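Please walk me through this structure in plain terms. I would like to know how its parts meet.

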Protein chains: 2
Amino acid sequence: MDTGSVTLPTALDVDAAATRLAGVAIRTPLISSPMLDERLGARVFLKAETMQRMGAFKFRGAYNKISSIPRDRWPSGVVAFSSGNHAQGVAAAAKLLGMPAVIVMPSDAPRPKRERTAALGAEVILYDREKEDREAIARRIAGERGAVLVPPYDDPLIIAGQGTLGREIIEDLAKAGLKPDVVVIGASGGGLAAGTALAIKAAAPQADIFTAEPEGFDDTARSFRSGKRESNARMSGTICDALMSQHPGEMTFAINSRLIGKGVSASDEEVARAVGFAFRELKLVVEPGGAIGLAALLAGKVDVKGKVAVAILSGGNVDPDLFYKLIAA
Amino acid sequence: MDTGSVTLPTALDVDAAATRLAGVAIRTPLISSPMLDERLGARVFLKAETMQRMGAFKFRGAYNKISSIPRDRWPSGVVAFSSGNHAQGVAAAAKLLGMPAVIVMPSDAPRPKRERTAALGAEVILYDREKEDREAIARRIAGERGAVLVPPYDDPLIIAGQGTLGREIIEDLAKAGLKPDVVVIGASGGGLAAGTALAIKAAAPQADIFTAEPEGFDDTARSFRSGKRESNARMSGTICDALMSQHPGEMTFAINSRLIGKGVSASDEEVARAVGFAFRELKLVVEPGGAIGLAALLAGKVDVKGKVAVAILSGGNVDPDLFYKLIAA
């Protein structure tokens, strides 16, 4: 699909990504809970992407992108800028493929995310989230070293890689004779939403898809309403550290405004309740940003009564201290 | 199979239980993790029974037992004694079937377990673990009310119900073209071990099965060695509150000494490390007793090098305070 300046990925690119990721990415389980079904009066399925390599969906897009780099460029490696989960995904994919990786990361990123990225053999370069431009730093390093920049979302291969998760949802529901009526996907830059929407809509065109964002960081929902890419006023101030992109991506918005077009938001308190629910009832560790879709469902932000509803638990990388605060509340 | 005084369940009883539980119990996922495989040099699979109804395997046996009670006795209900997970399993099964339930529970059982049992509509009667005999209390209530006693492990239907979990392990491994070489099962009274061993050995006679117990509460391992049922010296003093039965059951020992015969143990520290590993690497909430098999694997108590190894994460009902202590260590 061509929209002038950029070539957008399609469901066929998601299929190709699924082939590349087979046997490499974890096929994470699609979980249901009688208690959740009863509570919401729906058939609810949660894609436990928390169990993906490095604890978040980001590995899918990173591996799809990095494994597609021409072989002669592998020795120069890759560079990425990320608030955390993308960093780990890129570092893990590069390590699996034997390539060097540089990660430009905000100095306030959760400690386990920084440590894990370094433990994967990546070189970590910290920057000040409020003062410096991470993308500019990453581009400079890419230029100096001849490394390939692995963007967090606005890239056809990244989007297609994340979309493999949507493909698995469709396949697993089909085994139970079901199709999704409602799908709720957390959105920051919008790569997960775009890829997943491509896969879901190709197989279930009638599905109603929603993005979910933290209150005050609902750039995607506002962009849907205005028809152009809106920005967030702030770059900090939500417990959902994984969901603080400045604005929707260009490619991701082109896809999401066409296939999704509807966004909901949840407060930090609603997200905390969802993290606590996952701990108590599902025995799953979900990071705040990863629980935004479940939070939206539990808070009744989307009408799912009598429907087959899917939310994605997109990541589980959370500090023990923050996790305790959320589950003990 | 008849051993004189008692008729022991067989793999056929597990098959019958699977039919009763179909669509009622959750078919919990069998999870693998590249990080765990790499660390142990094995293909490791974890049965995430933490995601079962009420957060533990106990629902399986309880539902199999209670749904088999003759209809005319349903109005008098059921009674059970339990340190927690069995209580919730019985209460949930009775509620689903519309039967009253009385649960005799130690006064020091974790708060969430007490609260959940009551929330399921069961009548909770507390006793002092050090001074009173829970079994005698339960039998008295059963006699007074005409209720059916649902024992925690020493019952053919309970054992067969727990065994459905082993059947699912075999089925899920078969889908990947695998059979288990090593299976590690936590043991308290031994019902989960017995049922699972029946199912596993019927399909994979070459599998090496081990029980896992807390250090100092290794009555099953000692019983294997001496050839008769040994008791634990203490009834408290491990973080594995779910694994403190006094001695192996009569039926369960008859089965386990024949099909298992080998036991390992893990220290509280090793269990804590396993709970932390599950939090960080698997994003799963596992209670201490539920992590004993994983603890044994991580601590190298069982040789799994190059093998297909399975451990059961048998429960996830843990207080936030204790959980934090374990994951922050």
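Across the interface of chain B and chain A in this predicted model, twelve residue pairs are in polar contact, both residues of each pair having pLDDT 80 or more. A polar contact is a pair of N or O atoms within 3.5 Å; within protein, one must be able to donate a hydrogen and the other to accept it, and residues adjacent in sequence count only if both atoms are side-chain atoms. On the side of chain B that touches chain A, the elements giving two or more residues are α11 (268-282) and α13 (320-328) of chain B. Of these, α13(B) gives the most, with six residues. Helices (H or I, at least four residues) and strands (E, at least two) are DSSP runs, numbered from the N terminus. The residues on this side of chain B comprise 15 nonpolar, five polar and six charged. Here Ala, Val, Leu, Ile, Met, Phe, Trp, Tyr, Cys and Pro count as nonpolar, Asp, Glu, Lys and Arg as charged, and the others, Gly among them, as polar.

Two salt bridges also cross the interface of chain B and chain A, a salt bridge being a side-chain nitrogen of Lys or Arg within 4 Å of a carboxyl oxygen of Asp or Glu. Arg116(B) and Glu281(A) are joined by a salt bridge, with 3.4 Å from N to O.

In total, 26 residues of chain B are in contact with 26 residues of chain A, where contact means heavy atoms within 4.5 Å. The two chains bury about 2200 Å² between them, and 66% of this is on carbon and sulfur atoms. Within chain B, Phe279(B), Lys283(B) and Tyr324(B) lose the most area to chain A, together 28% of what that side buries. Buried area is the accessible area (1.4 Å probe) that two parts lose on being put together, summed over both.

How are the two copies related? The same surface serves both copies, since 100% of the contact residues of chain B recur in chain A.

Chain A is divided into domain 1 (3-57 + 155-328) and domain 2 (59-149), with bounds from an automatic or database domain assignment. Their contact takes 31 residues from domain 1 of chain A and 23 residues from domain 2 of chain A. The area buried between these domains is about 2300 Å², with 54% given by carbon and sulfur atoms. Three salt bridges are counted between the two domains of chain A. Arg60(A) and Glu49(A) form a salt bridge whose closest N and O atoms are 2.6 Å apart. On the side of domain 1 of chain A that touches domain 2 of chain A, α7(A) gives the most, with eight residues.

Glu171(A) in helix α7 of chain A also meets Arg27(A) in a salt bridge, at 2.2 Å from N to O.

Residues are numbered from 1 along each chain as its sequence is written, and chains are lettered from A and ligands numbered from 1 in the order in which they are written. Local features need pLDDT of at least 70 and side-chain atom pairs count only at pLDDT 80 or more, while totals for chains, interfaces and linings use all residues; side-chain values use heavy atoms, with hydrogens and water left out.
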